[in-house]
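Morning, everyone, and thanks for coming. I'd like to walk you through one model today, starting with charged pairs and then moving on to helix packing. Here it is on the screen.

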Amino acid sequence: MTLTDSTSGTLQDAAVAPPGLSSRAHAVRRAPVDTRTTVPLLDVTIPVFNEERDLEECLRRLHAHLLETFPHSFRITVADNASTDGTLKIAERLAREFPELLVVHLDEKGRGNALRKVWLASPSPVLAYMDVDLSTDLAALPPLLAPLISGHSDLAIGTRLTRNSRVVRGPKREFISRSYNLMLHSFMGVRFSDAQCGFKAIRADVARQILPHTVDNSWFFDTELLVLAERCGLRVHEVPVDWIDDPDSSVDVVRTALADMRGMARLTRDLVYGRIPVPELRAALARGPVPASSRADEQTRGSSLFGQLVRFAAIGAASTLAYLLIFVFCRGFMDPQLANFLALLVTAVANTGANRRFTFGIQGGNPVRHHFEGLIVFGIGLLLTSGALALVHRTTTPDRWVEVLTVVAANLAATTVRFLLFRLWVFRGNDSNRPTKDTTSTETAAS
């Protein structure tokens, strides 16, 4: 069966949403999913755009795996995002063969758009999605779904970035993925390890309250959903996965990473200016005390100048080494100015987070303002290093090691400026450094 997206942005024959969370939704444990439901218990969405080469193999393999291993009813939904090749025809042909297969055609492109519309229209109590290349080993599907069905967790994600994961992919994608997740941890204070693994599941009762507050229609949708889930006190379960990179993937990794950074900036503004009603969502959804990363009543401040200098120097040495390694790595496939920008951006965000926590002793609270001001400090460092590089290239034709020595010397000068600005401006005693009382209700028991 095929459903077509109408001009109003809704799906034809969309199912009636199941009831929302009860008044006890913030209990430590959600009610288990009723496995005797008359609708498919699980709905797995496969968002696709021009995937005629991989789609049939994906659907046959996934369908056979679910029939063999999943003990409950299920549905597979192909969300066709305005494909222009034979993707839709292949999906419709297979839908006539498999009664568990549903095809939804959308007029707009974008993974986030597809997942939001399909999930909000689905009658199933457990929702999941995976990429069409099936890079993730399907053996991880049962442990992904079990904590949602039992009521233990609200979301479940596959992660490629734990020591128990087995991952095969090139150094470029590995570097970009780890750098992006490092920025998420440092800049937005998240705790999940892998934002972009295309292997996630969510309880529908939670999704119906969170999804309307997401706005990204593309790849940043995953990150936005996870950040909101953590801010609202939901429990995110992580499953280490075996993952093999698809060498023929059509995803532009660099462009996607840049779009994700723009998404981080936009989501930060939305949270700062209150577009997303986090306190109300937390009151309705949180299953335990707000995580320490969101509490403002645990903040202290290390004020000893000598101690700050020692800790800042240690962090600065580690940052300089990381900067050097990233610059040399990036210089292998991009021009020196762009390599300098990326290396300095990644280390600057991590440096600000580390100094905030260890040098100046600030814990909890909202790190957004500190990181915003830290990015201003980053801009000063970028001017120093970029200016030094431009001067060297104007006067001579340097080899690689002259470039490296130049940026390291400029980065050391920027480090001195950074410490002064951190101490006298960014982390100077102010309202964000003084203990404040969290007025959000945390009446539930600890997780």
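This is a predicted model: local features need pLDDT of at least 70, side-chain atom pairs count only at pLDDT 80 or more; totals for chains, interfaces and linings use all residues.

Where do the two partners sit? Aspartate 131 is in the loop between strand E5 (126–130) and helix H4 (141–150), while arginine 111 belongs to helix H3 (residues 111–121), so this pair links distant parts of the chain, 20 residues apart. Aspartate 131 has a relative accessibility of 23%, so it counts as partly exposed. Arginine 111, on the other hand, is at 7% and therefore counts as buried.

Arginine 111 comes up again in the packing of H3. Together with Gly112, Leu115, Arg116 and Trp119, Arg111 meets Phe221, Asp222 and Leu225 in H7. Sorted by class, that contact has 4 nonpolar, 1 polar and 3 charged residues. As for the geometry, the axes of H3 and helix H7 (residues 221–231) come within 8 Å and cross at roughly 55 degrees. That angle is why H3 is described as oblique to H7.

The side chains of glutamate 97 and arginine 60 meet in a salt bridge, at 3.0 Å from N to O. Glutamate 97 lies in helix H2 (residues 87–97) and arginine 60 in helix H1 (residues 55–69), so the pair ties together parts that are 37 residues apart in sequence. How exposed are these two? Glutamate 97 has a relative accessible area of 40%, so it is partly exposed. Arginine 60 is partly exposed as well, at 33%.

The crossing of H1 past H2 is right-handed. On the H1 side, the residues in the contact are Leu55, Glu56, Leu59 and Arg60, and they meet Thr87, Ile90, Ala91, Arg93, Leu94 and Glu97 in H2. By class, this contact between H1 and H2 has 5 nonpolar, 1 polar and 4 charged residues.

One more pair, and this one is close in sequence number. Aspartate 34 forms a salt bridge with arginine 36, with 3.3 Å between the closest N and O atoms. For the model as a whole, the count comes to 19 salt bridges.

Last stop: helix H10 (residues 305–331), where you will find valine 328. Valine 328 has a relative accessible area of 37%, so it is partly exposed. Which spacing separates valine 328 from alanine 339? They are 11 residues apart in sequence, and their C-alpha atoms are 8.0 Å apart in space.

That's my tour, and I'm happy to go back to any of these views.

How values were computed. Residues are numbered from 1 along each chain as its sequence is written. Side-chain values use heavy atoms; hydrogens and water are left out. A salt bridge is a side-chain nitrogen of Lys or Arg within 4 Å of a carboxyl oxygen of Asp or Glu. Helices (H or I, at least four residues) and strands (E, at least two) are DSSP runs, numbered from the N terminus. Buried means under 20% relative accessible area, exposed over 50%, partly exposed in between (1.4 Å probe, protein chains only). A crossing is left-handed if the near helix is turned anticlockwise from the far one by less than a right angle, and right-handed if clockwise. Contact means heavy atoms within 4.5 Å. Ala, Val, Leu, Ile, Met, Phe, Trp, Tyr, Cys and Pro count as nonpolar, Asp, Glu, Lys and Arg as charged, and the others, Gly among them, as polar. Axes are lines fitted to C-alpha atoms, for helices over the stretch in contact, and angles run from 0 to 180 degrees between N-to-C directions. Angles under 35 degrees count as roughly parallel, over 145 as roughly antiparallel, 65 to 115 as roughly perpendicular and the rest as oblique.
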